[in-house]
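Subject: A structure for you to look at

Hello,

Here is the structure I promised to pass on to you. Please open it beside this email and follow along as you read.

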Amino acid sequence: MELRGKCTVFAEGCHGHLAKQLYSKFKLRENCESQSYGIGLKELWEVKPENHKPGTIEHTVGWPLDKNTYGGSFLYHLNEEQPLIALGFVIGLDYTNPYLHPFKEFQKFKHHPSVEPVLRGGTRISYGARALNEGGLQCIPKLSFPGGCLIGCSPGFMVVPKIKGTHTAMKSAMLAAESIFESLNNEENADAVWVEPVTYEKKIKDSWMWKELYAARNVRPSFHSPLGVFGGLLYTGLFYILGRGKEPWTLKHGGRDADRLKPASQCKPIAYPKPDGEISFDLLSSVALTGTNHEHDQPPHLTLKDDSVPVEKNYAVFNGPEGHFCPAGVYEYVPLEAGDGVRLQINAQNCIHCKTCDIKCPSQNINWVVPEAGGGPAYDGM
Ligand SMILES: Cc1cc2nc3c(=O)[nH]c(=O)nc-3n(C[C@H](O)[C@H](O)[C@H](O)COP(=O)(O)OP(=O)(O)OC[C@H]3O[C@@H](n4cnc5c(N)ncnc54)[C@H](O)[C@@H]3O)c2cc1C
Ligand code: SF4
């Protein structure tokens with residue numbers, strides 16, 4: 001690919017495929033922590049009019065997760081003429097049990113006694129999933145480099161406790177535009193082939209969005225204490241809600257999500273209830289709602305660095321976690337046609353571009369690359 005612009009703005013969202021290459025080419029992550037992620041699963045429902053309370057927002061933490069797994073839900077009664085509800089579940093990708101199945105946790109969550117009655121009698125309209133950045137301020141890389149800069153969720157501007165990142169994405173784009181304009185207008189750059197928007201990072205650090213990210217910086221890592229979710233809630237109540245994040249220290253996340261899984265032999269399998277087809281659903285009927293599509297003869301966009309790793313490491317040690325964490329059923333370990341053993345089957349056409357496999361594969365063996373133009377989920381109404 002040849003980029004001819006003097007400055008290219010990279011806005012790929014969380015865990016961009018090009019951003020990954022920029023990090024390594026320009027060493028942008030040398031002075032920050034590894035990014036920490038979550039997977040967010042979301043559904044849109046049309047509920048019975050009597051169950052719809054426009055403007056109501058509910059957030060929960062914990063159930064059905066155990067106390068050491070970070071996660072929680074959101075349920076928004078949309079302010080629309082149609083009685084629509086957007087609900088979802090976010091799970092920190094630093095979870096340790098390879099048997100954990102984020103999609104099934106979400107389906108189970110919908111049976112909570114305070115959620116199920118809202119959905120009962122309604123119709124599910126759409127389904128989707130996407131990784132999101134949870135690292136916050138301590139994981140933000142260098143933002144500009146020769147000929148470009150990173151904006152929005154690409155560098156990780158989402159504010160974790162609010163699951164909110166559209167406002168910071170827009171603000172960072174505005175500040176990048178200002179900075180690029182200054183660089184292009186600088187007479188010294190008149191004949192330059194590329195410019196670096198050198199004032200962009202300072203503009204971000206002087207803006208309200210940096211203050212918001214600073215205040216929220218310790219919320220996510222506080223859940224790593226031995227008290228798990230209870231320690232995190234206590235810390236968040238004291239230091240974020242009451243103290244407004246003014247404590248002088250910054251907590252660390254402690255490494256990559258990909259390195260957190262424990263061997264399956266050290267973990268308990270998780271038994272999930274069967275979907276009832278009314279409130280909870282199976283994976284394939286859910287994927288059908290995403291409208292995802294890829295031309296069958298395009299080059300693979302889910303590439304393996306080493307074909308032997310899935311069976312020899314991911315399956316043998318971790319019980320094939322990609323078969324659990326993928327929210328679209330793309331990865332399946334199927335029996336070999338001849339003899340004992342299994343092989344990894346990749347149903348790439350089902351991929352909904354959430355990027356979780358690229359983040360959570362314990363061998364870091366999966367490289368998600370951008371598919372041919374137009375491929376991917378349709379996400380109508382989401
Ligand atoms: C389940 C869930 C719920 C959320 N709820 C909220 C909420 O209620 N409020 C809120 O403010 N935020 C919410 N967020 C966060 C919000 O979605 C993000 O912060 C925001 O979308 C970031 O915007 P962005 O433009 O940086 O990235 P994105 O919205 O991710 O957009 C990036 C775009 O670039 C495209 N792209 C990626 N790579 C390439 C490439 N190489 N070439 C061409 N195109 C590419 C992608 O397909 C995508 O369309 C939520 C996130 C999730 C996952
Ligand atoms: S294959 Fe990877 S990117 Fe695609 S839906 Fe599954 S986990 Fe997400």
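Below is what was found in it, one part at a time.

A word on the ground rules: this is a predicted model, in which local features need pLDDT of at least 70 and side-chain atom pairs count only at pLDDT 80 or more, while totals for chains, interfaces and linings use all residues. Residues are numbered from 1 along each chain as its sequence is written, chains are lettered from A and ligands numbered from 1 in the order in which they are written, and side-chain values use heavy atoms, with hydrogens and water left out.

Let's begin with the bigger sheet-building story. Strands (E, at least two residues) and helices (H or I, at least four) are DSSP runs, numbered from the N terminus. Two strands count as paired if DSSP finds at least two bridges between them. In general, strands of a sheet pair through backbone hydrogen bonds, either parallel or antiparallel.

Here, 5 strands make an open sheet in the order E3-E4-E5-E2-E6, with antiparallel pairing. Strand E3 (57-61) and E6 stand at the edges with a single partner strand each, so one side of each has no neighbour in the sheet. Neighbouring strands of this sheet are turned by 15° against each other on average, direction ignored (axes are lines fitted to C-alpha atoms, for helices over the stretch in contact, and angles run from 0 to 180 degrees between N-to-C directions).

Now walk across it. Strand E4 (residues 71-77) and strand E5 (residues 84-92) are joined by 7 bridges, and they form a hairpin with 6 residues between them. Ser73 stands opposite Phe89 in E5, and Leu75 has Leu87 as its bridge partner there. On to E2: 9 bridges join E2 to E5, with Gly38 opposite Gly92. Strand E2 (residues 37-46) is also joined to E6 by 10 bridges, and Lys42 stands opposite Gly128 in E6.

How many residues of E5 are buried? The count is 9 of the 9, so E5 is largely enclosed by the rest of the structure. (Buried means under 20% relative accessible area, exposed over 50%, and partly exposed in between, with a 1.4 Å probe and protein chains only.) Leu84, Ala86, Gly88, Val90 and Gly92 point one way from E5, while Ile85, Leu87, Phe89 and Ile91 point the other way. Strand E6 (residues 123-133) is mostly covered, with 8 of its 11 residues buried.

There is also an open sheet of 3 strands, ordered E1-E8-E7, with mixed pairing. Its edge strands are E1 (8-10) and E7 (144-145), each pairing on one side only. E1 and strand E8 (residues 148-150) pair in the parallel sense over 3 bridges, and Thr8 has Gly148 in E8 as its bridge partner.

At 27% relative accessibility, Phe239 counts as partly exposed. Its C-alpha atom is separated by 8.5 Å from that of Val219, 20 residues apart along the chain.

Last, the ligand. Which residues are the closest to ligand 2? They are Cys326, Cys351, Cys354, Lys355 and Cys357, out of 14 residues that surround ligand 2 (a residue is near if one of its heavy atoms lies within 4 Å). This shell divides into 11 nonpolar, 2 polar and 1 charged (Ala, Val, Leu, Ile, Met, Phe, Trp, Tyr, Cys and Pro count as nonpolar, Asp, Glu, Lys and Arg as charged, and the others, Gly among them, as polar).

Enjoy exploring!
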